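Thanks for coming. I will take one structure and go through some of its side-chain contacts.

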Amino acid sequence: MRIVRRVGASPRERGSATGQTCPDIFELSDGDFAVIGREATAELDPELPPDAARADYERIVVISRATLVRAKLDIPDA
């Protein structure tokens, strides 16, 4: 598995002063996506709706709205 490309604008393009410590989205060689975000599993796990579940090896991460909105054009429809 490898990172193929960034999806959306870089942190610097989104206004990060350092461009190094901000949420990011990447497309992987197997077609999946990797997300860098703030870890919020303990905070949000109790808030999951009844039809949602998280495996022990999964984590809930938060990315800014701006990160996802700027990535929207780069996310494939299928």
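This is a predicted model: local features need pLDDT of at least 70, side-chain atom pairs count only at pLDDT 80 or more; totals for chains, interfaces and linings use all residues.

Residues are numbered from 1 along each chain as its sequence is written, and side-chain values use heavy atoms, with hydrogens and water left out.

Salt bridges come next. The criterion is a side-chain nitrogen of Lys or Arg within 4 Å of a carboxyl oxygen of Asp or Glu. By that rule the count is four. One of them joins Arg6 and Asp24, at 2.8 Å from N to O. Arg6 sits in strand E1 and Asp24 in strand E2, 18 residues apart, so the pair links distant parts of the chain. Strands here are DSSP runs of at least two residues, numbered from the N terminus. Buried or exposed, how does Asp24 count? Asp24 is buried because its relative accessible area is 4%, while Arg6 is partly exposed at 35%. The cut-offs are under 20% for buried, over 50% for exposed and partly exposed in between, with a 1.4 Å probe and protein chains only.

Another salt bridge pairs Arg38 with Glu43 at 3.5 Å, N to O. Glu43 counts as exposed because its relative accessibility is 52%; Arg38, at 48%, counts as partly exposed. Arg54 and Asp45 also form a salt bridge, with the closest N and O atoms 3.0 Å apart. Arg54 is partly exposed at 26%, and Asp45 is partly exposed at 30%.

Now Glu27, which lies in strand E2. Its relative accessible area is 17%, so Glu27 is buried. The Glu27 side chain makes a polar contact with the side chain of Arg5 at 2.7 Å. A polar contact is a pair of N or O atoms within 3.5 Å; within protein, one must be able to donate a hydrogen and the other to accept it, and residues adjacent in sequence count only if both atoms are side-chain atoms.

Next, the cysteine. Cys22 is in the loop between strand E1 (3–6) and strand E2 (24–28). Which residues does Cys22 touch, not counting those up to four places away in sequence? They are Pro11, Arg14, Ser16 and Ile36, where contact means heavy atoms within 4.5 Å. The C-alpha atoms of Cys22 and Pro11 are separated by 5.7 Å. Cys22 is partly exposed because its relative accessibility is 24%.

Last, Phe33, which is found in strand E3 (residues 33–36). At 36% relative accessibility, Phe33 counts as partly exposed.

Methods
Helices (H or I, at least four residues) and strands (E, at least two) are DSSP runs, numbered from the N terminus.
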